Amino acid sequence: MIEASRAQTILSCKRTFWIVAGLTILFFAISNLPWQLDDYDQAKQAFTSFQMIKEGRWFYQQTPHEHVATKPPLVGLVSAGLFGLTQSWELSWRLPSLLAAIALAIFLFRAASSAYGLIAALIALGAFGLNLLSPRLATLVRTDMPLALVIFLIGLVIWKKIREGTEWRLRDQIYVFALLTIAMLIKGPIVYAFLLPGIALFEWRRRRHAVVAGVGDPGRALLLQNAWPGWWPWVASLAVFLLWVTGGILFQPGFFDEVVMREFVGRFGETIHRPQPLYFYLPHLLHKFAPWSVLIIGIAFVDLHSRKWRLRSAFREMSPETFWLLCWSVGGLILMSLIPSKRVDRIFPIIPPLCLLLAAQIARLMACSHGSVSRSSTSNDVSPTGHRPVATVNATSIYRWLTAALVLSVLFTGGYTISKVISAYRYQRNALAIFGREVRREAAAYRWRYEVVSAKDEGLLLYLQKTGFIEPDHAVSEWNNGNLDALIASTEKASGLMPQLAGAALSQLKSNERKKEQGNVYVLITH
C-alpha cells in the first residue's frame with residue numbers, strides 16, 4: 001500500500017494534476033478512433049449540419065432516409081459554423097462534443113477547487129474524465145455532451161446561489177433563461193428531468209427547515225438559500241422551444257407524428273420505443289462510473305456508520321449546498337428511471353454533479369482527519385451523509401484510498417480505451433468511411449457523376465457526401481440515359497442492377513467485408 005506521506009505528496013503535486021488533465025484529454029480524443037458514423041445514431045446528427053450547408057435547411061432537417069430529424073438544430077448549427085472555419089466535416093461534427101467535454105472539466109475543477117480545495121478538485125476532475133462514459137461521449141457525433149455542459153452550468157449557478165445565500169437577481173435569471181433556452185434548442189425539454197426534481201426536493205426541505213427555524217436570522221438565512229430562480233426563465237425558454245415546434249408542425253410534413261408523437265410522447269409509453277426495467281440505470285452507472293461510484297457509496301457508508309446509522313439526523317445536519325448536489329444527482333436519476341425508454345448515455349448529465357458531490361465528501365473527510373471537530377457547527381464542511389466534522393478516518397487512509405482510486409481509474413479507463421481502439425482498427429470498424437473516401441478520390445480524379453443506391457447504412461451518404469439516396473429504378477434510368485458515370489450499391493442490390501445497366505462493370509474498389517451487425521458490403525459500379 002502507498003505510504004500516507006507519499007500519497008499526500010502525489011495528490012498535492014502539480015505534476016499529478018497535469019498528468020490527470022493530459023490523460024483525460026487524450027482519452028477524450030482517441031476513445032472513438034477510428035472515426036465513423038455507423039453506430040449510436042451519429043449519422044442522423046451529422047446529417048443535420050450537412051443538410052444545412054448543402055441544402056440550406058437551417059431550422060428543420062431530415063435524416064438520411066428522409067424522415068424528419070427529431071432534434072432541435074442548435075448543435076447542427078454549431079457544426080455548420082465550424083465547417084466554415086475548418087472545412088473538415090470530421091472535425092466540425094466532433095468538435096462540439098469535445099470542446100463541451102473539455103469546458104465541462106474546466107468548470108468542474110474550478111468549482112471544486114474554490115469550494116473544497118485542490119486535492120478534492122483533482123479527484124473530481126479524475127472522476128469526470130477517467131470513467132467509461134465521458135471518453136466515449138467526448139467525440140461521438142451526438143448532443144449528449146453539449147447538453148450535459150449546459151445542464152451543469154445551470155446547476156452550478158444554483159449551487160453558487162445556495163452557497164452564497166444571496167437572492168436571485170434579474171441578471172441571474174437572465175443567465176438561467178439563456179442556458180435553459182440553449183438546452184431546449186439542443187435536445188428539448190429533457191433538461192427539466194435533470195433539474196426540476198432536484199429543485200423540488202431541495203425547496204421542500206428548505207421551506208420545511210425555514211418554518212422550523214422561525215422568523216429570526218436562521219429562518220431568514222434558510223429562505224435566502226433558494227434553488228428556485230423564478231418561473232419566468234423556465235416558461236420563457238419553453239416558449240422559445242414551442243415556437244420551433246409550432247413552426248415544424250405548420251410547415252414540415254410529418255413533423256407532428258415523428259417529433260411530437262414518436263420522439264416525445266412515445267418515450268413515456270412502451271409501444272414505440274423498447275422499454276427497460278426501472279433499475280436499468282443503476283447497475284450501468286455503478287459499472288461505467290467505477291471506481292468513483294464505489295468510492296462515493298463507500299464514503300457515505302463510513303459516515304453513516306460513524307453516526308450509528310442515524311439517517312434522519314444526517315440529512316437534518318447536511319449543509320444546503322451539499323444537499324443540493326445530492327438532490328440534483330438523485331432527482332435526475334429517479335425521474336429518468338421512471339421514463340420507460342432508456343439508454344445508458346442519456347443518464348450522463350448526472351455524472352458532473354456526482355463528481356462535485358464526491359469532492360464535497362473528500363473535503364469533509366480531510367477536514368475531519370485534521371481535527372476540524374473544533375470548527376463551528378455552522379461550517380459548510382459537511383459530508384453528503386450530513387456528518388459534521390468528527391475524526392472518524394485518519395489522513396493515512398484518506399490519502400491512500402484516493403491515490404489508489406486515481407491509479408485504478410487510469411488503468412481501468414486507459415485499458416478499456418486502448419483495447420477498444422486497437423479492436424476497432426483490427427476489425428476495420430471504419431471500413432465504410434475508408435470506402436467512401438476512396439470513391440470520392442476516384443470520382444474527383446475522373447470527374448464522375450455518381451449516385452448512391454438506397455441502402456440501410458445512413459452514414460454512407462455522408463462518407464460519399466451526397467444529400468440523398470437514389471432508388472434502383474431511377475438509377476437504371478439515369479445510367480442508361482447517360483446521366484451517371486458510377487453507382488455505389490450493396491452487393492445484394494448490385495447483382496440485380498448489373499444486368500439492367502448498359503456497359504456496366506464492377507470496379508475493384510469495394511468496402512471490406514464486415515460483420516453482419518456492422519452492415520452491408522458495398523461495391524462501385526462504373527462503365
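Mentor: We shall take strands, salt bridges, surface patches and loops in turn. Please keep in mind throughout that this is a predicted model.

Trainee: Which strand do 5 bridges join to E4?

Mentor: That is strand E2, residues 486-490, which runs antiparallel to E4. In this pairing, alanine 486 stands opposite threonine 526 of E4. Strand E3, residues 505-510, is also antiparallel to E4 and is joined to E4 by 3 bridges. There, alanine 505 stands opposite threonine 526.

Trainee: Let us turn to salt bridges. How many does a search of the whole structure find?

Mentor: The general idea is to look for a side-chain nitrogen of Lys or Arg within 4 Å of a carboxyl oxygen of Asp or Glu. The search of the whole structure finds 15 salt bridges. One of them pairs aspartate 39 with arginine 136, and the closest N and O atoms are 3.6 Å apart. Aspartate 39 lies in the loop between helices H2 (14-30) and H3 (42-55), and arginine 136 in helix H7, so this pair ties together parts that are 97 residues apart in sequence.

Trainee: Are aspartate 39 and arginine 136 buried or partly exposed?

Mentor: Aspartate 39 counts as partly exposed at 25% relative accessibility, whereas arginine 136 is buried, with a relative accessible area of 18%.

Trainee: Which helix holds both arginine 94 and glutamate 90?

Mentor: Both lie in helix H5, residues 89-116, where they are 4 residues apart, about one turn of the helix. Arginine 94 and glutamate 90 form a salt bridge, with the closest N and O atoms 3.2 Å apart. Arginine 94 is buried, its relative accessible area being 3%, while glutamate 90 is partly exposed at 25%.

Trainee: Where do arginine 142 and aspartate 345 lie in the chain?

Mentor: First, the contact itself: the side chains of arginine 142 and aspartate 345 meet in a salt bridge of 3.3 Å, N to O. This pair links distant parts of the chain, 203 residues apart: arginine 142 is in the loop between H7 and helix H8 (144-164), and aspartate 345 is in the loop between helix H17 (320-338) and helix H18 (351-369). Arginine 142 is buried at 10% relative accessibility, and aspartate 345 is buried at 6%. Both belong to a network of salt bridges that links Asp41, Lys44, Arg142, Asp144, Lys187, Arg343, Asp345 and Glu458.

Trainee: Which residues form the positive surface patch?

Mentor: The positive patch is formed by Arg208, Lys308, Arg310, Arg312 and Arg316. Arginine 310 is in the loop between helix H15 (292-306) and helix H16 (311-316); arginine 310 is partly exposed, with a relative accessible area of 49%.

Trainee: Finally, the loops. Is asparagine 131 buried or exposed?

Mentor: A position in a loop should be read together with its accessibility. Asparagine 131, in the loop between helix H6 (118-129) and helix H7 (134-138), counts as buried at 0% relative accessibility. Asparagine 131 and tryptophan 292 are 161 residues apart in sequence and 8.1 Å apart in space, C-alpha to C-alpha. Asparagine 520, in the loop between E3 and E4, is partly exposed at 25%.

Terms used
Residues are numbered from 1 along each chain as its sequence is written. This is a predicted model: local features need pLDDT of at least 70, side-chain atom pairs count only at pLDDT 80 or more; totals for chains, interfaces and linings use all residues. Side-chain values use heavy atoms; hydrogens and water are left out. Patches are made of residues with over 30% relative accessible area and no salt bridge: like charges are joined within 9 Å, nonpolar side chains (Val, Leu, Ile, Met, Phe, Trp, Tyr) within 5 Å. Accessible areas come from the Shrake-Rupley method with a 1.4 Å probe; for residues, only the protein chains shown count as cover. Lys and Arg count as positive and Asp and Glu as negative; His and the chain ends are not counted. The place of a charge is taken as NZ of Lys, CZ of Arg, CG of Asp or CD of Glu. Helices (H or I, at least four residues) and strands (E, at least two) are DSSP runs, numbered from the N terminus. Buried means under 20% relative accessible area, exposed over 50%, partly exposed in between (1.4 Å probe, protein chains only). Two strands pair if DSSP finds at least two bridges between them.
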